[in-house]
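The sequence and the structure come first, and the points follow by topic.

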Amino acid sequence: MFVFVVGTLIVSLLVQIGETAKCTAKSGDISARWQVVDGELTVEVTTNNIGNNEWSAVGFGPDMSDLNVVIFQVVDFKPSLVTGTTQGYGAPTLDSSPSVTLQSLNYNSNTMVARFARPLGSLSTCTTWNFFNAQPISGSSLASLGSPEIQITDVCPNVCTGVFTQRDVAVDPVPQAAIYNNRISNRFDTLFDSSSRKRRSSRLL
């Protein structure tokens, strides 16, 4: 009985660890992180090397026939967010107004960082998330979505809490300069420590 209980606890812990790990994503030029606070899901997506008249996106759903998509686009060097749905690999049908709340949207040096929020709602159960890398806008409309750069199955956002208050080194690594400077400063700490100077002075006497 004891062995069974211990085994069950271990399996449960492994499942929780696996779910917790699905709070960030990164591949190529796109990375993302998300969290849930008080029933609200917040998602932050960073796209590198996205040029003018290009777009990237995140889509929620198991297959391309019925995705809810959030699209980040740069048109005439101005970033914006739109939402819509898909019916396959073709261009999505856009909503008349966004179905999510835009919290921030920054575009600088071909890097776009977008953060939006929405009620957890249908995403309260585990589902598949798809991230689409930068693609060109065809004329005045979006091109077909194509295949996602990242596809993560069984994303359970309910387990993602406090993600934005923690540094994920995979998505947001500590700058090498900061590490180097910290090592340099620590190396000379004792030179400016008064107690150390006193000990050295007493040894000289």
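The side chains of Ser56 and Thr47 are joined by a polar contact of 2.9 Å; a polar contact is a pair of N or O atoms within 3.5 Å, where within protein one atom must be able to donate a hydrogen and the other to accept it, and residues adjacent in sequence count only if both atoms are side-chain atoms. Ser56 belongs to strand S4 and is buried, at a relative accessible area of 0%. Buried means under 20% relative accessible area, exposed over 50%, and partly exposed in between, with a 1.4 Å probe and protein chains only. The model is predicted: local features need pLDDT of at least 70, side-chain atom pairs count only at pLDDT 80 or more, and totals for chains, interfaces and linings use all residues. Residues are numbered from 1 along each chain as its sequence is written, and side-chain values use heavy atoms, with hydrogens and water left out.

- Gln35 is located in strand S2 and counts as buried at 12% relative accessibility.
- A polar atom of the Gln35 side chain lies 3.0 Å from the backbone nitrogen of Val163.
- Arg33 is also found in strand S2, and with a relative accessible area of 17% Arg33 is buried.
- Arg33 and Val163 are separated by 130 residues in sequence, while their C-alpha atoms are 7.4 Å apart in space.

**Sheet and strand pairing**

- Strands (E, at least two residues) and helices (H or I, at least four residues) are DSSP runs, numbered from the N terminus.
- An open sheet contains 5 strands in the order S1-S2-S3-S9-S8, with antiparallel pairing; two strands pair if DSSP finds at least two bridges between them.
- Strand S1 (24-27) and strand S8 (101-108) are the edge strands, each pairing on one side only.
- On average, neighbouring strands of this sheet are turned by 10° against each other, direction ignored; the axes are lines fitted to C-alpha atoms, for helices over the stretch in contact, and angles run from 0 to 180 degrees between N-to-C directions.
- Strand S3 (residues 40-48) pairs with strand S9 (residues 111-119) in the antiparallel sense over 9 bridges, and Val43 has Phe116 in S9 as its bridge partner.
- S8 and S9 are paired in the antiparallel sense over 7 bridges, with Asn106 opposite Val113 in S9.

**Aromatic pairs**

- The whole structure holds 4 aromatic pairs; rings of Phe, Tyr and Trp (its six-membered ring) pair if their centres lie within 6.5 Å, and planes under 30 degrees apart count as stacked, over 60 as edge-to-face and the rest as tilted.
- Trp34 and Trp129 form a tilted pair, at 4.6 Å centre to centre and 40° between the planes.
- Trp34 lies in strand S2 (residues 30-37) and Trp129 in strand S10 (residues 127-138), so this pair ties together parts that are 95 residues apart in sequence.
- Both Trp34 and Trp129 are buried.
- The ring centres of Phe60 and Trp129 are 4.8 Å apart and their planes stand at 80°, so the pair is edge-to-face.
- Phe60 in strand S4 (residues 54-60) and Trp129 in strand S10 are 69 residues apart, and their pair links distant parts of the chain.
- Trp34, Phe60, Trp129 and Phe131 are linked into a cluster by ring pairs.
- Arg118 lies over the face of Phe60, 5.9 Å from the ring centre; a charge sits over a ring if NZ of Lys or CZ of Arg is within 6 Å of the ring centre and within 35 degrees of the ring normal.

**Nonpolar cores**

- A nonpolar core is a set of buried Ala, Val, Leu, Ile, Met, Phe, Trp, Tyr and Cys residues joined through side-chain atoms within 4.5 Å.
- The largest core has 32 residues, of which Trp34, Leu41, Val70, Phe72, Phe116, Trp129 and Phe131 touch the most other members.
- Elements giving two or more residues to this core include strand S5 (68-75) and strand S12 (150-155), and S2 supplies the largest share, 4 residues.
- Another core, of 11 residues, lies apart from it, and among its members are Trp55, Ile71, Leu142 and Leu145.

**Positive phi values**

- Ser109 takes a positive phi near 55° in the hairpin of S8 and S9, which has 2 residues between the strands.
- Asn110, in the loop between S8 and S9, is a residue other than glycine with a positive phi near 65°, and Asn110 is partly exposed at a relative accessible area of 37%.
- Asp76 is not a glycine, yet has a positive phi of about 55°.
- Asp76 is placed in the loop between S5 and strand S6 (78-85) and counts as exposed at 55% relative accessibility.
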